[in-house]
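Student: I have a protein model open and would like to learn how to read it. Can we go through it feature by feature?

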Amino acid sequence: MKKTNNAPSTIIFDLGGVLIDWNPRYLYRKIFQDEAQMEYFLEHICTSDWNEAQDAGRSLAEGTDLLVAQHPKWEKEIRAFYDRWEEMLGGVVEGTLAIFRRLRASQQYRFYALTNWSAETYPIALKRYEFLQWFEGTLVSGQEKMRKPNPLFYQLLLQRFEINPSESIFTDDNLRNVKAAREEGIPSIHFQSPEQLENALKAVGIEY
């Protein structure tokens, strides 16, 4: 692999949805017999907004107890979210990991991770996925008490690891987070598939 003179020298990865296949449906399909009921539960009870509050630093116990108090008839299903959280991990996104591996082997780049992740569940992933050790630095939202798309989270990444945004490229599967990164001057790719990511990297001068 080679890069052109103007290609980014720093590559920043989101984790969930880009390198790690995380989906609560992997767990809740074991709990719900009815797909529609499961989707209702994930849309109206254990919502993305609720989960992101834990990603922003709220404890799992506090978040769980708060939701159980609001929806007591769903207590068993709510408590399963974090009690059985590891069952939501579907493995690695193999195509992205293959790209990461080749990029790393070239010894031309710095690698960082910027992730919305609970401080209490991230250590599970850290033990499970060896490639999480490949990053020079990782910013975990739950540890920092802030999350994407908060501009301060991106600024903290740049400052802490002395990253020049004009020499970097960021990829995230959430378009909201990509747009926020661009607002902070970080060139960004909206991740949709490993193949699309590979093409987007080539477009900015990273060639295979």
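Student: Which order do the strands of the open sheet have?
Tutor: First, what a strand is: strands (E, at least two residues) and helices (H or I, at least four) are DSSP runs, numbered from the N terminus. Two strands pair if DSSP finds at least two bridges between them. Here an open sheet of 5 strands runs β6-β5-β2-β7-β8, with parallel pairing. Its edge strands are β6 (137-140) and β8 (188-190), and each pairs on one side only. On average, neighbouring strands of this sheet are turned by 20° against each other, direction ignored. Axes are lines fitted to C-alpha atoms, for helices over the stretch in contact; angles run from 0 to 180 degrees between N-to-C directions.

Student: What kind of model is this, and how are residues numbered?
Tutor: It is a predicted model: local features need pLDDT of at least 70, side-chain atom pairs count only at pLDDT 80 or more, and totals for chains, interfaces and linings use all residues. Residues are numbered from 1 along each chain as its sequence is written, and side-chain values use heavy atoms, with hydrogens and water left out.

Student: How many bridges join β7 and β8?
Tutor: They pair in the parallel sense over 3 bridges. Take Asp-172 as an example: its bridge partner in β8 is His-190. Helix α10 (residues 175-183) packs on the sheet and touches β7 and β8. The direction of α10 makes about 165° with that of β8. Contact here means heavy atoms within 4.5 Å. Helix α11 (residues 194-203) lies across β2 (10-13), β7 and β8, at about 155° to β8.

Student: Now charges. How many salt bridges are there?
Tutor: The general idea is that side chains of opposite charge can pair when their charged atoms come close. A salt bridge is a side-chain nitrogen of Lys or Arg within 4 Å of a carboxyl oxygen of Asp or Glu. By this rule the count is 14.

Student: Which residue pairs with Arg-25?
Tutor: Glu-39 does, with the closest N and O atoms 2.8 Å apart. Arg-25 lies in helix α1 (residues 25-31) and Glu-39 in helix α2 (residues 35-44), so the pair ties together parts 14 residues apart in sequence.

Student: Are these two residues buried, exposed or partly exposed?
Tutor: Buried means under 20% relative accessible area, exposed means over 50%, and partly exposed lies in between (1.4 Å probe, protein chains only). Arg-25 has 25%, so it is partly exposed. Glu-39 has 27%, so it is partly exposed too. Another salt bridge joins Glu-87 and Arg-84 (2.8 Å, N to O). Glu-87 is partly exposed at 27%, and Arg-84 is partly exposed at 32%.

Student: Where do Lys-148 and Asp-172 lie?
Tutor: They form a salt bridge, with the closest N and O atoms 2.7 Å apart. Lys-148 is in the loop between α8 (141-144) and α9 (151-160), while Asp-172 is in strand β7 (residues 168-172). The pair links distant parts of the chain, 24 residues apart. Both residues are buried. Asp-14 joins Lys-148 and Asp-172 in a network of salt bridges.

Student: What does the side chain of Glu-144 make a polar contact with?
Tutor: A polar contact is a pair of N or O atoms within 3.5 Å; within protein, one must be able to donate a hydrogen and the other to accept it, and residues adjacent in sequence count only if both atoms are side-chain atoms. Glu-144 is in helix α8. Its side chain makes such a contact with the side chain of Arg-160 (2.7 Å).

Student: Which residues have the most contacts inside the largest nonpolar core?
Tutor: In soluble globular proteins, nonpolar side chains tend to be buried together. A nonpolar core is a set of buried Ala, Val, Leu, Ile, Met, Phe, Trp, Tyr and Cys residues joined through side-chain atoms within 4.5 Å. The largest one has 50 residues, and Phe-13 and Tyr-28 have the most contacts inside it. A second, separate core of 15 residues includes Tyr-112, Tyr-154, Leu-156 and Phe-161.

Student: Is Trp-85 buried or exposed?
Tutor: Trp-85 is buried, at 5% relative accessibility. It lies in the loop between α5 (75-83) and β4 (89-92). Leaving aside neighbours within four places in sequence, Trp-85 is in contact with Trp-22, Ala-80, Trp-117, Thr-121 and Ile-124.
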